[in-house]
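Me: I have a structure to look at and would like to learn how to read it. Could you go through some features with me, one at a time?

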Amino acid sequence: MLIAQLSGLRINVLANRLGCDSGVALTVHDTLAAKLAKMIAAQRRILAADRARVAARGTQDEEDAFFDLHHYQTAFYETWLIEPIALLDDYLVDDLTNEYFHFYIGEWRHRDGEVPIAVPVPAERLCGLDTIITEIEDVTGARFSVENVYYSEAEAEAAWWQSVGMDPETVFGDEVGRL
């Protein structure tokens with residue numbers, strides 16, 4: 001049943017993609033469609049292992065089939081249901097060592113302050129995908145995040161100025177000249 005629901009939701013995502021007007025929305029749609037395809041494949045593996053377990057009932061392979069099924073169910077749980085699934089930018093913070101993983105350069109860095117900064121993408125920039133994401137979350141139990149991640153305060157501030165469509169020089173130009 002879950003495979004059919006996921007397949008239908010994937011079709012909704014691909015159909016909704018046709019009406020996208022921004023690069024961010026296209027990227028998120030493509031990523032979500034790919035993630036749903038992987039979820040469907042994982043569910044198919046679980047179904048195949050369950051069929052193998054039923055077929056092995058009463059034989060010497062029954063225990064192996066049980067462990068195979070358990071493995072695929074655990075892998076699905078750990079992959080899709082523990083942490084939110086990043087659809088745009090991902091970030092990883094280790095609070096114990098006060099470090100974060102910088103995905104652009106592939107290194108762990110000491111965490112100074114609130115870096116990395118994750119800024120959620122507004123729903124209106126996703127071209128209607130937010131309602132489909134909510135439906136997927138309700139059906140599967142998985143959680144998704146659509147965030148831009150900035151690894152410095154300067155990057156985050158520049159992105160904020162760009163998102164509001166203003167230039168700090170024009171806003172603060174007079175004050176900077178007086179100082």
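Me: Which residues does W80 touch, leaving aside those up to four places away in sequence?
Reply: Keep in mind that this is a predicted model. For contacts, we look for heavy atoms within 4.5 Å. By that rule W80 touches K35, K38, M39, A42, I85, A142 and R143. W80 itself is found in helix α3.

Me: Is W80 buried or exposed?
Reply: The idea is to look at relative accessible area, where under 20% means buried. W80 has 6%, so W80 is buried. Compare H71, which also has its place in helix α3. At 48% relative accessibility, H71 counts as partly exposed.

Me: How far apart in space are H71 and Q162?
Reply: Here we compare two separations, one in sequence and one in space. H71 and Q162 are 91 residues apart in sequence, and their C-alpha atoms are 46 Å apart.

Me: What does S145 touch, again not counting residues up to four places away?
Reply: S145 touches P84, I85, A86, L87 and L88. The place of S145 is in strand β6, residues 144–145. With 15% relative accessibility, S145 counts as buried.

Me: How do I read the packing of α1 and α4?
Reply: Start with the angle between the two N-to-C directions. Helix α1 (residues 2–17) and helix α4 (residues 129–140) pack at about 170°, and their axes are 10 Å apart. An angle over 145 degrees counts as roughly antiparallel, and α1 and α4 are therefore roughly antiparallel to each other.

Me: Which residues make that contact?
Reply: From α1 come L2, Q5, L6, L9, N12, V13 and N16, and from α4 come L129, I132, E135, I136, V139 and T140. Sorted by type, the residues of this contact are eight nonpolar, four polar and one charged.

Me: How many disulfides are there?
Reply: First the general idea: a disulfide is a covalent bond between the sulfur atoms of two cysteines. To count one, we ask for a pair of cysteine sulfur atoms within 2.5 Å. By this rule the count comes to zero. Take C20: the nearest cysteine sulfur is that of C127, 4.2 Å away, and C20 is in no disulfide. C127 is in no disulfide either, its nearest cysteine sulfur being that of C20. As for accessibility, C20 is buried, with a relative accessible area of 16%.

Me: What is the phi of C127?
Reply: Phi is a backbone angle to check residue by residue. For C127 it is near 55°, a positive value in a residue other than glycine. C127 lies in the loop between β5 (117–120) and α4. N98 is another example, with phi near 60°. The place of N98 is in the loop between β2 (92–94) and β3 (99–102). At 33% relative accessibility, N98 counts as partly exposed.

Me: Which residues of α5 are buried, and what follows the helix?
Reply: The buried ones are A156, A159 and W161. After α5 comes G165, with a positive phi near 75°.

Conventions. Residues are numbered from 1 along each chain as its sequence is written. This is a predicted model: local features need pLDDT of at least 70, side-chain atom pairs count only at pLDDT 80 or more; totals for chains, interfaces and linings use all residues. Side-chain values use heavy atoms; hydrogens and water are left out. Buried means under 20% relative accessible area, exposed over 50%, partly exposed in between (1.4 Å probe, protein chains only). Helices (H or I, at least four residues) and strands (E, at least two) are DSSP runs, numbered from the N terminus. Axes are lines fitted to C-alpha atoms, for helices over the stretch in contact, and angles run from 0 to 180 degrees between N-to-C directions. Angles under 35 degrees count as roughly parallel, over 145 as roughly antiparallel, 65 to 115 as roughly perpendicular and the rest as oblique. Ala, Val, Leu, Ile, Met, Phe, Trp, Tyr, Cys and Pro count as nonpolar, Asp, Glu, Lys and Arg as charged, and the others, Gly among them, as polar.
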